[in-house]
Each structure stands twice: as structure tokens, then as C-alpha cells.
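Trainee: I would like to learn how to read a protein model. Can we work through one together?

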Amino acid sequence: MKHNFKNLKIWILSMEITSDIHKICLEFPKSEVYGLVSQMNRAAVSMPSNIAEGSNRGNIHFKHYLNISLGSSFELQTQLLIANQNKYITDEKTIEIENKIIEFQKMTTGFISKLDV
């Protein structure tokens, strides 16, 4: 079964998270451009990209891409916490974005389990 990725709530949420990450990374120290900024942007972009790439495949392969997207979200969550630990972002902004990432993780896990049926 093929899916239109633009209509998937997980894709829409992951695009929002990606936008949030790009915006906050603009405020990071220049010394992090090739380090944490690059890593966070790559992990964030990976989330909607893998959903889109897998959406045109059968459910078995789609689940594989969804799991990659999910893995990227956990990577991004960790990097977000590192950025907060280094005081690059406020606690409030960290909580706001982390809550979106956690919601994405729950939604994606649920979606994967529905594909099993």
C-alpha cells in the first residue's frame, strides 16, 4: 500500500521539528557550525526525508524507513539535550522541542504498529 507522505501527520510534525531545529541552530556559536549544528540539522532533515522516501514502497520497506526516521528522532533528542547542557538553548525551548520529538516518536511507533496489521 502506498502513502501520500504530505498527508501523514508524522511527516507534517517532523517538518515542523526540522524548521524549529534550523531556527534554533542559527543562534548557536560559530564554533559549532561543523559540529553540533551540522549533526542536529542532518538528524532533523532525516526524519521527514525517510518518511517521504519510504512512503512509495510496500509496508515492509516503509516500516524500515520509518524506523530510520524514528532513530534519527532519538539522535536529535540527544543532541537537543547536549545543546541545552551547553547553554546554547534555554530550558523552555528545549522542553518545547523535546515534547514535539516525543510526540513524533509516539505517533511514529503507533503508525508502524498499524502497518503490521
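Predicted model: local features only at pLDDT ≥ 70, side-chain atom pairs only at ≥ 80, totals over all residues.

Trainee: How many helices and strands are in the protein?

Mentor: Helices (H or I, at least four residues) and strands (E, at least two) are DSSP runs, numbered from the N terminus. Here there are four helices and zero strands. The order from the N terminus is α-α-α-α.

Trainee: Why is the protein as compact as a globular protein of that length?

Mentor: Take the radius of gyration over C-alpha atoms, then apply the globule rule: 2.2 Å times the number of residues to the power 0.38. The protein has a radius of gyration of 15 Å, close to the 13 Å that the rule gives for 117 residues, so it is as compact as a globular protein of that length. The C-alpha trace spans about 45 × 25 × 20 Å along its principal axes.

Trainee: What do contacts say about the chain?

Mentor: Contact means heavy atoms within 4.5 Å. Among contacts with a separation of 6 or more, 72% join residues 24 or more positions apart.

Trainee: Which residues have the most contacts inside the largest nonpolar core?

Mentor: In soluble globular proteins, nonpolar side chains tend to be buried together. Buried means under 20% relative accessible area, exposed over 50%, partly exposed in between (1.4 Å probe, protein chains only). A nonpolar core is a set of buried Ala, Val, Leu, Ile, Met, Phe, Trp, Tyr and Cys residues joined through side-chain atoms within 4.5 Å. The largest one here has 28 residues, and those with the most contacts inside it are Ile17, Ile21, Ile24, Phe28, Met40, Leu76 and Leu80. Helices H1 (9–25), H2 (36–54), H3 (59–85) and H4 (91–116) each supply at least two residues of this core.

Trainee: What is Ile21 in contact with?

Mentor: Skip its neighbours within four places in sequence. Ile21 then contacts Met40, Asn41, Ala44, Leu76, Leu80 and Ile97.

Trainee: Is Ala44 buried or exposed?

Mentor: Ala44, in helix H2, counts as buried because its relative accessibility is 0%. Not counting residues up to four places away in sequence, Ala44 touches Thr18, Ile21 and Leu76.

Trainee: Where is Ser72 found?

Mentor: Ser72 lies in helix H3. Ser72 is buried, at 6% relative accessible area. Beyond four places in sequence, Ser72 touches Ala43, Ser46 and Met47.

Conventions. Residues numbered from 1 in each chain as written. Heavy atoms only, no water.
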